[in-house]
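Q: Could we go through the helix packing and the aromatic pairs in this one?
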Amino acid sequence: MKEAVHIGRNPSWEPDLQELVGRVALGDEEAFAAVYDRVVSPVLGVVRSVLRDRAQSEEVAQEVLVEVWRTSPAYRPDRGTAINWILTLAHRRAVDRVRSVQAAAARDHKAAALARTPEYDEVVEQVEARIEREQVRRCLRTLTEIQHQAVTLAYYRGLTYRQVAEALTLPLGTVKTRLRDGLIRLRDCLGVTA
């Protein structure tokens, strides 16, 4: 079995990281402070290599260390070293952040695209409106002259029945009758069901 290579300080007088993680699992805050001091730089390095953004990297590194505190009872020494477990948590959390940012950007892009598209097809709407106008014009031509004038004044110019009667110099009752008859003919011509 190979002996572990230690870079930097001589760890012989310090507790082993695996032992510290075991103590963190029991709620030892001093052990957590020691774990924090030992792993914060490597964790930040792993996270920064994935995220590239300094502020997000620092935030994710803090989340990883909080996760170490919360999940240290789940650490199993028989499955790997403590540092590898912690760096795996860091890498996974960083990748999750990248995916989350990409998903949010995709949602924003999709929402922006939907906001730019009309809720209906403008061309179809214009064609249908033109067809309806032509059909109404055709049906208006089937009315008598007085019916046509009364409907035009009342519905296109917005005059009241009394104003229509004054404009056509007809009795109010006659105007009402001509309007009613004209609207019935329009309804029948347009195929509108009562």
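This is a predicted model: local features need pLDDT of at least 70, side-chain atom pairs count only at pLDDT 80 or more; totals for chains, interfaces and linings use all residues.

Q: At what angle do α1 and α2 pack, and how far apart are their axes?
A: Helix α1 (residues 17-25) and helix α2 (residues 29-51) pack at about 135 degrees, and their axes lie 8 Å apart. Angles over 145 degrees count as roughly antiparallel and 65 to 115 as roughly perpendicular, and α1 and α2 are therefore oblique to each other.

Q: And the crossing of α1 and α2, left-handed or right-handed?
A: The crossing of α1 and α2 is left-handed.

Q: Which residues meet there?
A: From α1, the residues are Leu17, Leu20, Val21, Arg23 and Val24. In α2 they meet Ala31, Phe32, Ala34, Val35, Arg38 and Val39. By class, the contact of α1 with α2 comprises 9 nonpolar and 2 charged residues, with no polar ones.

Q: Turning to the rings, how many aromatic pairs are there?
A: The structure holds 3 aromatic pairs. In one of them, the ring centres of Tyr75 and Trp85 are 5.3 Å apart and the planes stand at 45 degrees, so this pair is tilted.

Q: Where do Tyr75 and Trp85 lie?
A: Tyr75 is in the loop between α3 (54-71) and α4 (82-116), while Trp85 is in helix α4, so the pair ties together parts that are 10 residues apart in sequence.

Q: Are Tyr75 and Trp85 buried or exposed?
A: Both Tyr75 and Trp85 are buried.

Q: Which residues do ring pairs link into a cluster?
A: Phe32, Tyr36 and Trp69 form that cluster. Phe32 is also among the α2 residues that meet α1.

Note on methods. Residues are numbered from 1 along each chain as its sequence is written. Side-chain values use heavy atoms; hydrogens and water are left out. Rings of Phe, Tyr and Trp (its six-membered ring) pair if their centres lie within 6.5 Å; planes under 30 degrees apart count as stacked, over 60 as edge-to-face and the rest as tilted. Helices (H or I, at least four residues) and strands (E, at least two) are DSSP runs, numbered from the N terminus. Buried means under 20% relative accessible area, exposed over 50%, partly exposed in between (1.4 Å probe, protein chains only). Axes are lines fitted to C-alpha atoms, for helices over the stretch in contact, and angles run from 0 to 180 degrees between N-to-C directions. Angles under 35 degrees count as roughly parallel, over 145 as roughly antiparallel, 65 to 115 as roughly perpendicular and the rest as oblique. A crossing is left-handed if the near helix is turned anticlockwise from the far one by less than a right angle, and right-handed if clockwise. Contact means heavy atoms within 4.5 Å. Ala, Val, Leu, Ile, Met, Phe, Trp, Tyr, Cys and Pro count as nonpolar, Asp, Glu, Lys and Arg as charged, and the others, Gly among them, as polar.
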